[in-house]
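Welcome, and take a moment to look around before we start. The paragraphs below walk you through this model step by step.

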Amino acid sequence: MPEVGATFLTAADIARRTAELGAEISRDYAGQEILLVGTLKGSVFFVADLARAITVPLEIDFLSLSSYTKEHKETGNKAIRFLKDLDQPVKDKNVIVVQDMIDSGLTLHYVYRSLNIRRPRTLEACVLFDRPQLRLVDLDVKYVGFEVPDDFFVGYGFDYRQLYRNLPYVAYLNSSPNEPELF
Amino acid sequence: MTDQPPIFSYFRGTKEPAFATRTEFEAAKLFDYHRIAWEYEPRTFILERDDKGNIQEAFTPDFYLPDLELFVEVTEMKQSLVTAKNRKVRKLREKYPEVRIKLLYRKDFVRLARKYGL
């Protein structure tokens, strides 16, 4: 079983950057309201902290996106989709999609396309981690927490087989002899 | 390829794609999973001609994503291949500055494919 390794970002590092992002968003949307849309499950802690760092009125909602499953394989129906949609309309709202990580941009691109047809007033994204070196889709991500390398991280929402999301900091995950490949 | 070919819903070419490498196959699955329309090797770019106009060097990127107006070339792990492709991509950008192309490495696609369980 891989083990939690050295700390990549402390809780204080994350809190500091989240406060900066919250202040930036509050300035940009002064006098307006926001709908924060978190993508489950990785973004839950970031959404909670970011929301409390924003000073303008806001609503919170969550999306859940599919991952490839046995069910998909058997039916041949293999494409990304919402497992949980938003509970409210986004029309004429200032929507900020909050994700734990952007790499290829393909997932966020799908979310953007899906939400854009519902005609929000504005649609932006806020990501905790960015891996621009893996980007395929040129998306304008307005709010970025940290640019990070290709390492495997756990904690603060990031998981390994659903474990370690609850760590209050972000750490490297060390591979084990039994599982040399983490990704 | 030894894999049972999946049902590609977002392939937009006319001729059945004949993937040359496992990486290309993984890339196609990744695009399809994300509902991104893709074409396989739809265009060849001439990079070099001799004095008589004969083609000396050409380059056919692996994929074209029409909705993103983006060509994608994927590479294998071997450093010699990576170097050669880097050179071709650089040359293509010089000759055809209006063309958008991205070079992605096998490890990146493997990583993304595993992330999505493809």
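This is a predicted model: local features need pLDDT of at least 70, side-chain atom pairs count only at pLDDT 80 or more; totals for chains, interfaces and linings use all residues.

A nonpolar core here is a set of buried Ala, Val, Leu, Ile, Met, Phe, Trp, Tyr and Cys residues joined through side-chain atoms within 4.5 Å; buried means under 20% relative accessible area, exposed over 50%, and partly exposed in between, with a 1.4 Å probe and protein chains only. Leaving aside residues up to four places away in sequence, Phe63(B) touches a list of residues including Phe19(B), Ala28(B), Phe31(B), Trp38(B), Tyr40(B), Leu70(B) and Val72(B), where contact means heavy atoms within 4.5 Å.

Residues are numbered from 1 along each chain as its sequence is written, chains are lettered from A and ligands numbered from 1 in the order in which they are written, and side-chain values use heavy atoms, with hydrogens and water left out.

Staying with chain B, you will find 3 helices and 6 strands, running α-β-β-β-β-β-α-β-α from the N terminus on. These elements are DSSP runs numbered from the N terminus: helices (H or I) have at least four residues, strands (E) at least two. Of the 118 residues of chain B, 46% count as buried.

Now turn to chain A, where an open sheet of 6 strands has the order E4-E3-E2-E5-E6-E7, with mixed pairing; two strands pair if DSSP finds at least two bridges between them. Strands E4 (82-84) and E7 (143-147) of chain A stand at the edges with a single partner strand each, so one side of each has no neighbour in the sheet. On average, neighbouring strands are turned by 30 degrees against each other, direction ignored. Strand E3 (residues 58-65) of chain A pairs with E4(A) in the antiparallel sense over 2 bridges, and Ser64(A) stands opposite Lys84(A) in E4(A).

Two helices of chain A pack on this sheet. Helix H1 (residues 11-28) of chain A touches E2, E5, E6 and E7 of chain A, and its direction makes about 160 degrees with that of E7(A). Helix H4 (residues 106-116) of chain A touches E3, E4, E5 and E6 of chain A, at about 165 degrees to E5(A). Such angles run from 0 to 180 degrees between N-to-C directions, with axes fitted to C-alpha atoms, for helices over the stretch in contact.

Finally, look at the charges. In one of them, Glu59(A) and Lys93(A) have their closest N and O atoms 3.2 Å apart. Glu59(A) lies in strand E3 of chain A and Lys93(A) in the loop between E4 and E5 of chain A, so the pair ties together parts 34 residues apart in sequence. Another salt bridge joins Arg100(B) and Asp138(A), at 2.3 Å between the closest N and O atoms. This pair crosses between chains, from the loop between helix H2 (79-95) and strand E6 (101-105) of chain B to the loop between E6 and E7 of chain A.

Terms used
A salt bridge is a side-chain nitrogen of Lys or Arg within 4 Å of a carboxyl oxygen of Asp or Glu.
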